[in-house]
Each structure stands twice: as structure tokens, then as C-alpha cells.
Amino acid sequence: MNAQLSGCSFKSADLPDGVFTEASFQDADFDGANLEVAKFDGVTQAAGLSFRNASLIEVDFTNANLEDVDFTGADITDAVFDGASLPETFDEMIIAKIDT
């Protein structure tokens, strides 16, 4: 895809099965969005991207650079992170969802 979606807001959007392969998402907002089974594989520019409280069930993040992405409260059931770079606080973000 290779789209430039930096700074865009998809807050609470319903985008199941969306294909965002290799897109740029700096400072984009997917808070509360339904992205089930979407593809974000190969994303390299995602600083400031937020998936707070989003439904990321079965989403493909293969080889994505997600080091500066906020997953707080996101549902990542069966999501694929093979080869992805994750934030240092990833576990804390996901545990926060489970504990609430």
C-alpha cells in the first residue's frame, strides 16, 4: 500500500479487514477503532501512533516497527507480531487491559 496516513484520525472507526501494509502512521489515531483482521505488516513509520482501547483481534503486525506505538487497553487476541519491534512498555500496556 505505502500510503501516507500520518496525522490522520481513525478514532472509533469500523475498519475490519483493512489493509495498511507498509503505510506511514506518524501521530495517527486509531483509538477505540475496530480493526479486526486488518494488516499492518511492514509498517516502518509509526512514531506517536495510538491504538488505545482498539480491537486488534487477529491483526497482522508482521515485521512492523511499533516501538513508539501506544497499545494501552487494546484487545490483541490472536494478533501476529512476528519480527515486529515492540514498545518497551508493551507488556504493561496489555496487562493494564487484562487487569481492568
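1. At 0% relative accessibility, Phe51 counts as buried (under 20% relative accessible area, with exposed over 50% and partly exposed in between; 1.4 Å probe, protein chains only). Phe30, also at 0%, is buried as well. The model is predicted, so local features need pLDDT of at least 70 and side-chain atom pairs pLDDT 80 or more, while totals for chains, interfaces and linings use all residues. Residues are numbered from 1 along each chain as its sequence is written, and side-chain values use heavy atoms, without hydrogens and water.

2. The structure contains 17 aromatic pairs (rings of Phe, Tyr and Trp, the last by its six-membered ring, with centres within 6.5 Å; planes under 30 degrees apart are stacked, over 60 edge-to-face, the rest tilted). Phe30 and Phe51 are stacked, at 5.5 Å centre to centre with 25° between the planes. Both lie in the segment before H1, so the pair ties together parts 21 residues apart in sequence.

3. Phe61 and Phe71 form an edge-to-face pair, with 5.8 Å between centres and 90° between planes. This pair links distant parts of the chain, ten residues apart, in the segment before H1. Phe61 and Phe71 are both buried.

4. Ring pairs join Phe10, Phe20, Phe25, Phe30, Phe40, Phe51, Phe61, Phe71, Phe81 and Phe90 into a cluster.

5. Asp60 lies in the segment before helix H1 (90–99) (helices are DSSP runs of H or I, at least four residues, numbered from the N terminus). Asp60 is buried but has no salt bridge, and Lys39, the nearest side chain of opposite charge, is 4.5 Å away (a salt bridge needs a side-chain nitrogen of Lys or Arg within 4 Å of a carboxyl oxygen of Asp or Glu).

Definitions and conventions. Helix = DSSP H or I, 4+ residues; strand = E, 2+ residues; numbered from the N terminus. Lys, Arg positive; Asp, Glu negative; His and termini not counted.
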